[in-house]
Amino acid sequence: MDNMDKLAGIILAAGDGKRMNSRIPKVLHRLCGKELLRYPVELLGRLGVDRVVVVVSPANQDTVKALLGDGVDYAVQPSMTGTAGAVKAAATTLQGQADQVVVIGGDAPLVTDDSVRRLLDGHLEEGRKMSIMSGIVQTSAGLGRVKRDLGSQQNVLGIVEATNDTERDGQPVEVNSGVYCFQADWLWENLEKVDVSSNGESYLTDLAAVAAELGASVAALTSNDPDEVLGINNLVELAHLEDIQRRRIRERWMLLGVTITDPSSVMIDGGVTIGQDTVILPNTMLLGDTTIGSNCEVGPGSVVKDSTIGDRCRVTSSALEDAVMESGVDIGPFSHLRPGAYLESGVHIGNYVEVKESRFVAGAVMGHFGYVGDASIGANVNVGAGMVTCNYDGKDKHRTVVEKDAFIGCDTMLVAPVTVGAGAVTGAGAVVTIDVPPARLAVGVPAKIVDR
Ligand code: UD1
Ligand code: MG
């Protein structure tokens with residue numbers, strides 16, 4: 001690219017997405033945990049586009065702005081006049097500000113950096129007015145078809161939208177992905193020439209025919225990946241594209257040394273990272289902002305969301321949300337780490353344990369059912385089966401502190417606020433309402449402090 005060329009991006013996101021049959025704006029639906037609109041925004045960011053304008057509608061502008069903040073510019077398209085109308089809405093913001101413009105739909109999350117880069121490189125090298133990313137697909141329902149002449153050059157003559165297309169015959173067809181590069185001045189000048197079609201919309205895709213008629217250079221570059229050109233117009237297509245994207249994510253991790261034993265039953269969001277030689281067992285979901293170290297075993301049947309897991313951990317049929325496990329920690333089956341749970345190295349949590357807003361210091365062990373909320377459990381503490389922190393008095397939450405080396409007998413109720421001192425012991429069934437001094441024994445209901 002000429003260093004002087006200023007590059008801008010326009011993301012079309014004003015359509016009302018009627019075919020989604022949803023009250024949620026189309027571009028705010030999520031694919032692999034991420035809103036559709038974030039895909040092109042992040043892609044243009046990675047390509048180093050200087051300025052990005054997101055075209056929004058009066059109806060969705062507030063939600064879109066809340067999602068993307070002020071990292072991008074916005075242009076409001078006052079009424080749904082079609083994709084050409086959407087680009088027109090961005091013109092006033094960008095006129096004189098850019099030499100080249102990349103246009104991309106807000107509903108095409110599978111487009112890759114490589115393909116857009118290739119499209120742009122060719123566009124600039126050839127000095128074209130318009131470059132279109134296309135792909136060959138078996139079923140072209142809803143997509144625009146690239147029409148070429150029959151001569152040896154196969155020049156692009158235009159794009160024929162599905163509704164007006166009488167020439168499709170069920171054969172594989174070259175379709176428009178909705179990603180384009182334009183020479184900016186040519187774009188602004190020729191947008192005016194696009195006619196309004198019978199449904200009242202003006203199609204950006206008609207610019208291909210405008211260019212062909214003017215003898216201006218226009219070309220379509222076929223992507224190697226037919227999935228890349230697919231857009232989302234309804235919830236069936238959303239599910240289909242999500243399936244493709246999930247497969248891409250799993251394959252990426254497998255190629256980086258993660259074992260996934262039953263890939264199609266595993267869901268991994270785009271923002272997740274996983275270390276080498278970790279094994280993901282069937283029916284597992286790794287979601288949101290989750291990091292997993294190396295040599296772990298997660299699953300079967302685990303759900304891990306927005307959590308951090310160190311190396312050599314095991315998460316068997318358990319659920320984690322906003323939780324941290326350091327290295328060498330194991331949990332499950334059937335336990336639940338809720339927000340603020342923090343397990344230091346070497347902690348062991350067995351089955352049917354719920355932990356919320358609590359820290360287990362290194363070496364603490366809780367093998368069986370119970371509830372730990374708003375607590376800190378000291379080093380090498382052994383928590384017996386059925387221990388419950390009674391952290392809520394109906395009005396406020398209170399903290400429980402169990403100091404190092406304490407031993408909590410089975411079925412102990414720790415009525416917070418309460419502290420069990422270092423090395424202290426509670427008897428089975430104790431209901432502890434007062435602090436237990438270090439090295440003493442608490443027994444009974446309510447518990448009395450006695451010597452050991
Ligand atoms: C469009 C293309 C089609 C291409 C397909 C790829 C046109 C006319 N057709 O069809 O050739 O194969 O994408 O997915 O462009 N939008 C606005 N304002 C509007 C209308 C649409 O901002 O007035 C936005 C939508 O929010 C969407 C994008 O433009 O993000 C594309 O619009 P959509 O209605 O999905 O077009 P398609 O029918 O999919
Ligand atoms: Mg679409």
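Trp 253 is buried, because its relative accessible area is 6% and buried means under 20% (1.4 Å probe, protein chains only). This is a predicted model, where local features need pLDDT of at least 70, side-chain atom pairs count only at pLDDT 80 or more, and totals for chains, interfaces and linings use all residues. Residues are numbered from 1 along each chain as its sequence is written, ligands are numbered from 1 in the order in which they are written, and side-chain values use heavy atoms, leaving out hydrogens and water.

**Trp 253 in the chain**
- You can find Trp 253 in helix H7, residues 235-255; helices here are DSSP runs of at least four residues, and strands are runs of at least two, numbered from the N terminus.
- Val 431 is 178 residues away from Trp 253 along the chain, and their C-alpha atoms are separated by 49 Å.

**Around ligand 1**
- The shell around ligand 1 has 23 residues, and the closest include Leu 12, Gln 77 and Asn 176; a residue is near if one of its heavy atoms lies within 4 Å.
- Helix H3 (83-94) and strand E10 (173-183) each bring at least two residues to this shell.
- By type, the shell holds seven nonpolar, 12 polar and four charged residues, with Gly counted among the polar ones.

- A polar contact is a pair of N or O atoms within 3.5 Å.
- Gly 15 has a backbone N or O atom 2.9 Å from an oxygen atom of ligand 1, and a backbone N or O atom of Gly 144 also lies 2.9 Å from a ligand 1 oxygen atom.
- From the side chain of Lys 26, an N or O atom is 3.2 Å from an oxygen atom of ligand 1.

Note on methods:
A polar contact is a pair of N or O atoms within 3.5 Å; within protein, one must be able to donate a hydrogen and the other to accept it, and residues adjacent in sequence count only if both atoms are side-chain atoms. Buried means under 20% relative accessible area, exposed over 50%, partly exposed in between (1.4 Å probe, protein chains only).
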